[in-house]
Amino acid sequence: LLPPPLPPSRSSSLSAVGKKASYSIALLEGDGIGPEISAATVSVLETVATAAGFGLSFTPALIGGAAIDAVQDPYPPATHAACEAADSILLACIGGYKWDSNPRDMRPETGLLAMRSRLGLFANLRPAKVLPQLIEASTLKREVVEGVDIMVVRELTGDVYFGEPKGIDVIDGERVGYNNMIYKESEIKRIARVAGNVASKRTGKLCSVDKANVLDVSQLWKDVTTDIMEEEFPAVDLSHMYVDNAAMQLIRWPKQFDTIVTGNIFGDILSDEASMLVGSLGMLPSASIGEPGGPGVFEPCHGSAPDIAGENKANPLAMILSAAMMLKYDLGRDEEAKMIEDAVEAVLDGGFRTADIKSDGDGCELLGCKEMGDKVSEMITSMVKA
Ligand SMILES: NC(=O)C1=CN([C@@H]2O[C@H](COP(=O)(O)OP(=O)(O)OC[C@H]3O[C@@H](n4cnc5c(N)ncnc54)[C@H](O)[C@@H]3O)[C@@H](O)[C@H]2O)C=CC1
Ligand SMILES: CC(C)CC(=O)C(=O)O
Ligand SMILES: [Mg+2]
């Protein structure tokens, strides 16, 4: 399930000094289904740590709506300090109806953006790999999705999500809303290098997605990406696609893609779209990384799913698989990451499904969020004993 190794990062520095006997994890449960999927994920991680004989300590910290309610700040200083002090950061999801009409600085999403920016997590890797067990869970035809294995490399700290100026002003007697889609050359170069490394370790095929036919910022994106690939990754087979076409091609024939590199907003949208190839947004993990040395944030691609929050219906596998990415990329624990991946596949092989990945007449057993976490833990324990 996991993507190939990342470019030099925290994991490579850790492997140089050897594995640690115990790790501290900042745990950001956030909002909505966050506490439910976090509980399931923590219990899986504790099972893995016990089986492998290393220690894990979790430091809970507030983010998003929960932090607004508690301390009137969606990314409080204490949370930033806990993140910086940790070996790695596990995040569930933020957001909810309750905070939707708050002023922008008091919205959960502002906290998430602040965390990504302040921790310098400019690269978000979102693997969308179709598992054979879940082909029927996709709304697309078997022949379209079977064998799909895509890695979206999304720029995470720039673009229209961060650009200035922004706001809603009254101009000539009416309200005008505006944001600025902006990228510096240096920001494009560093994400292009991550994508070049990732693509090189996969099939060598990289598609850069932009809107250069209309947007100047996209023309710069295209030019800089082309230069970086020509100069530093000559073996990478680079193509370019406009984002509207990419959205269509992802559904028409997704197997044409291997690695996709794109800006923050296009990557946000295209990765949610790619989740439907896999079967559910509840299956898509992600890794947010920055320069070597700092902790990454490992988080599902989905949001807080307020429509099912508190009902024990959420699929915890996206967060559990994000925890596997954390073990591999931040903690240098490849074997233990694989334990989780294998256990997830074995549970799916065993015919267990949460509601989002269950199809009519599939003969599978419907599980709640907690029960799915328990099944993965049980599977790890029985695989270790075998
Ligand atoms: N990284 C994050 O924390 C993100 C937060 N959000 C926030 O989440 C809130 C809800 O946003 P939506 O647009 O509804 O997106 P969403 O991703 O929360 O939900 C979209 C749909 O997918 C379903 N879904 C999502 N995760 C699931 C899971 N693990 N298991 C089963 N079903 C799942 C939901 O029930 C819903 O029907 C908003 O406040 C939004 O800003 C949205 C995206 C990312
Ligand atoms: C909630 C937004 C800040 C971001 C988002 O949708 C995402 O990162 O997937
Ligand atoms: Mg999103």
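This is a predicted model: local features need pLDDT of at least 70, side-chain atom pairs count only at pLDDT 80 or more; totals for chains, interfaces and linings use all residues.

Colleague: Which element gives the largest share of the side of domain 1 that touches domain 2?

Modeller: In this contact, 20 residues of domain 1 meet 22 residues of domain 2. Helix H5 (108-118) and strand S4 (123-129) each supply at least two residues of the domain 1 side. The largest share of that side is five residues, and the element that gives them is S4.

Colleague: And how many residues on that side of domain 1 are nonpolar?

Modeller: Sorting the side of domain 1 that touches domain 2 by class gives four polar and two charged residues. The nonpolar residues there number 14.

Colleague: Now the ligands. Which residues come nearest to ligand 1?

Modeller: There are 21 residues around ligand 1. By class, this shell holds ten nonpolar, seven polar and four charged residues. The ones that come nearest are Gly95, Gly282, His302, Gly303 and Asn315.

Colleague: Which helix gives the most to the shell around ligand 2?

Modeller: Around ligand 2 we find Glu109, Leu112, Leu113, Asp268 and Cys301. This shell divides into three nonpolar, no polar and two charged residues. Three of its residues come from the helix that gives the most, H5.

Colleague: Let's look at helix packing. Are H11 and H12 roughly parallel or roughly antiparallel to each other?

Modeller: Helix H11 covers residues 317-329 and helix H12 covers residues 334-349. Their axes are 7 Å apart and the packing angle is about 160°. An angle over 145 degrees counts as roughly antiparallel. Therefore H11 and H12 are roughly antiparallel.

Colleague: How many charged residues does the contact of H11 with H12 have?

Modeller: H11 passes H12 in a left-handed crossing. Residues of H11 in the contact include Leu317, Ile320 and Lys328, and those of H12 include Asp334, Glu336 and Glu341. By class, the contact of H11 with H12 has nine nonpolar residues and no polar ones. Its charged residues number four.

Colleague: H12 also meets H2. What is the orientation of H2 and H12 to each other?

Modeller: Helix H2 spans residues 34-52, and its axis comes within 10 Å of that of H12. The two axes cross at roughly 130°, and the crossing is right-handed. H2 and H12 are therefore oblique.

Colleague: Which residues of H12 make the contact with H2?

Modeller: By class, the contact of H2 with H12 has five nonpolar, no polar and one charged residues. From H2 come Val44, Val48 and Ala52. From H12 come Glu336, Met339 and Ile340.

Colleague: Is H9 roughly parallel or roughly antiparallel to H10?

Modeller: Helix H9 (residues 243-252) and helix H10 (residues 264-278) have axes 10 Å apart. They pack at an angle of about 10°, and angles under 35 degrees count as roughly parallel. That makes the relation of H9 to H10 roughly parallel.

Colleague: Which residues of H10 does H9 meet?

Modeller: The contact of H9 with H10 divides into seven nonpolar, no polar and one charged residues. H9 brings Val243, Ala246, Ala247 and Leu250. In H10, they meet Phe266, Leu270, Glu273 and Ala274.

Colleague: Two backbone details to finish. Where is proline 165?

Modeller: A cis peptide bond joins glutamate 164 to proline 165, with omega about 0°. Proline 165 is in the loop between strand S5 (149-155) and strand S6 (167-171).

Colleague: And what is phi of glutamine 72 near?

Modeller: Glutamine 72 sits in the loop between helix H3 (65-71) and helix H4 (77-85). Its phi is positive, in a residue other than glycine, and is near 55°.

Methods. Residues are numbered from 1 along each chain as its sequence is written. Chains are lettered from A and ligands numbered from 1 in the order in which they are written. A residue is near a molecule or strand if its C-beta atom, placed from the backbone, lies within 6 Å of it. Ala, Val, Leu, Ile, Met, Phe, Trp, Tyr, Cys and Pro count as nonpolar, Asp, Glu, Lys and Arg as charged, and the others, Gly among them, as polar. Two residues are in contact if their C-beta atoms, placed from the backbone, lie within 7 Å. Helices (H or I, at least four residues) and strands (E, at least two) are DSSP runs, numbered from the N terminus. Axes are lines fitted to C-alpha atoms, for helices over the stretch in contact, and angles run from 0 to 180 degrees between N-to-C directions. Angles under 35 degrees count as roughly parallel, over 145 as roughly antiparallel, 65 to 115 as roughly perpendicular and the rest as oblique. A crossing is left-handed if the near helix is turned anticlockwise from the far one by less than a right angle, and right-handed if clockwise.
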